[in-house]
Amino acid sequence: MKYVLFICTPVGGEELSPAQIADDPRFTSYIDEVRSGDIVKGGARLRPSTDATTVRVQGDEVLLSDGPFVESKEYVAGFDLIEVADLDEAIALASRHPAALGGGSVEVRPVWE
């Protein structure tokens with residue numbers, strides 16, 4: 001089954017750049033593990049939520065606002081598309097993610113197929 005792991009970071013928390021992640025042994029060992037098992041099928045690191053633009057449409061009017069679509073204690077900092085046997089395996093993988101271990105969270109969501 002395919003799942004998306006939404007990597008969530010606390011608002012106001014440390015924002016690691018892709019270069020910092022590449023140099024962080026917590027992330028490099030996790031990335032090596034999941035890539036060697038051909039689990040990750042795609043994904044991306046996202047820019048901070050402050051760089052977001054939210055689009056809403058009311059009637060014929062397109063409304064834009066700076067920032068994320070909702071204020072929250074966490075924001076989505078990246079995502080991985082994974083393919084594993086079942087939800088238990090997806091949860092086990094998410095529980096080892098450095099974001100979950102470092103004060104953030106990882107939302108596991110199945111993909112419609």
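**View 1. Lining of the largest pocket in the predicted model.** By class, the lining comprises 16 nonpolar, seven polar and six charged residues (nonpolar: Ala, Val, Leu, Ile, Met, Phe, Trp, Tyr, Cys and Pro; charged: Asp, Glu, Lys and Arg; polar: the others, Gly among them). The volume of the largest pocket is about 710 Å³. Of its 29 lining residues, Ile 7, Ile 21, Phe 27, Arg 45 and His 97 are the closest to the centre. A pocket is an open set of points on a 1 Å grid over the protein atoms alone where a 1.4 Å probe fits, with protein on both sides within 12 Å along at least five of seven lines; lining residues have an atom within 4 Å of a point. Helix 2 contributes the largest share of the lining, six residues.

View 2. Phe 27, Tyr 30 and Val 34 are the buried residues of helix 2 (buried, under 20% relative accessible area; exposed, over 50%; 1.4 Å probe, protein chains only). They lie on the same side of helix 2 because they cover an arc of only 70° around the axis, taken from the directions from the helix axis to the C-beta atoms. Pro 25, Asp 32, Arg 35 and Ser 36 are exposed on the other side.

View 3. Asp 38 lies in the loop between helix 2 and strand 2. Although not a glycine, Asp 38 has a positive phi of about 55°. Asp 38 is exposed, with a relative accessible area of 51%.

**Notes.** Residues are numbered from 1 along each chain as its sequence is written, and side-chain values use heavy atoms, with hydrogens and water left out. In this predicted model, local features need pLDDT of at least 70 and side-chain atom pairs count only at pLDDT 80 or more, whereas totals for chains, interfaces and linings use all residues. Helices (H or I, at least four residues) and strands (E, at least two) are DSSP runs, numbered from the N terminus.

Definitions and conventions:
Grid points are joined across faces, edges and corners, and a volume is the space filled by probe spheres set on the points.
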